[in-house]
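Please read them with the structure open beside you.

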Amino acid sequence: MSGQLAGKVAVITGSATGIGRATAELFAAEGAELVLADTNATELEAAATSIRTAYDTRVLAVPTDVSAAPLVEKLISSAIAEFGGFDIVVNVAGVQRSGPIETYSDSDWDLMMNVNPKSCYLTAKYGVETLRRRGGGAIVNVSSLAAINGGPGQSGYAASKGAINSFTKSLSNELAKDNIRVNALCPGWVDTPFNQPAIDFMGGAAKQQELIEQSVPMARQSTPAEIAQSALFLASDASSYMTGQAIVVSGGAS
């Protein structure tokens, strides 16, 4: 199969829906074989089956809680057993909670820290040696515009995504000698149910649309497919001299 990722194997977390699924579909279209991970086993298998059929490529689905070290280690070992290794890791899996700081729950704070940055740490911890053996590769950590200019009610979410940006920068310096590039992708508003907690905090979809029209020069949200295009750029040889960056894709909102 031809394409920008022909001959590559990509591990993509959070790939049952939203940005993760759109990324998996695009990578398959560009020739990659896939290892898909998500907590929702039913939707994950549905995504894997659909992609296998549509793109005639090999897809391994591994239900995974990316906050649990033994399960991430199993994800990596499963990818090695099935494909002999992999060349790309895209960390999309994440959670979002919104609320005023004085009533923000400790459990919500801990959840976001245990999923958002920790998942990036765990896939790197268990996956870097495989990338080294392959002669290098690319890690794409999906962060958020909130890491740079988070709005009201996003303090916990912004902190968790800011940690991803810092982790990305440090890890990129550590792994550059191994030809492993590490970059972060920082989407702004994306039309996906993932943002529902923030929308609820703002007072509903009408308030969200008002904010978008006021603060986003392009006056609209992105689609998951548009964000997937930026993930493809960071994962492919098109960005071969780029590492340690946090790329904002926000319709100009930054």
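1. Helix α1 passes α9 in a right-handed crossing, a crossing being right-handed if the near helix is turned clockwise from the far one by less than a right angle, and left-handed if anticlockwise. The contact (heavy atoms within 4.5 Å) is made by G18, I19, A22, T23, L26 and F27 of α1 and by P224, A225, I227, A228, Q229, A231, L232 and A235 of α9. The two axes, which are lines fitted to C-alpha atoms over the stretch in contact, come within 8 Å and cross at roughly 55°. That makes α1 oblique to α9, given that angles under 35 degrees count as roughly parallel, over 145 as roughly antiparallel, 65 to 115 as roughly perpendicular and the rest as oblique.

2. This is a predicted model, in which local features need pLDDT of at least 70 and side-chain atom pairs count only at pLDDT 80 or more, whereas totals for chains, interfaces and linings use all residues. Residues are numbered from 1 along each chain as its sequence is written, and side-chain values use heavy atoms, with hydrogens and water left out.

3. Helix α1 (residues 18-29) has twelve residues and reaches 17 Å from its first C-alpha to its last, close to the 16 Å expected at 1.5 Å a residue; helices here are DSSP runs of H or I with at least four residues, and strands are runs of E with at least two. Its buried residues (under 20% relative accessible area, with a 1.4 Å probe) are I19, G20, A22, T23, A24, L26, F27 and A28. These buried residues pack against several elements, including β1 (9-13), β2 (33-38), α2 and α9 (224-235). After α1 comes G31, whose phi is positive, near 100°.

4. S50 is found in helix α2 (residues 41-55), and at 31% relative accessibility this serine counts as partly exposed, the class between 20% and 50%. The side chain of S50 makes a polar contact with the side chain of R21 at 3.3 Å, where such a contact is a pair of N or O atoms within 3.5 Å, one able to donate a hydrogen and the other to accept it.

5. Helices α4 (residues 106-133) and α6 (residues 155-175) pack at an angle of about 15°, with their axes 8 Å apart, and are therefore roughly parallel to each other. The crossing of α4 and α6 is right-handed. R133 lies in α4 and is exposed, with a relative accessible area of 55%.

Note on methods
The expected span of a helix is 1.5 Å times one less than its number of residues. Axes are lines fitted to C-alpha atoms, for helices over the stretch in contact, and angles run from 0 to 180 degrees between N-to-C directions.
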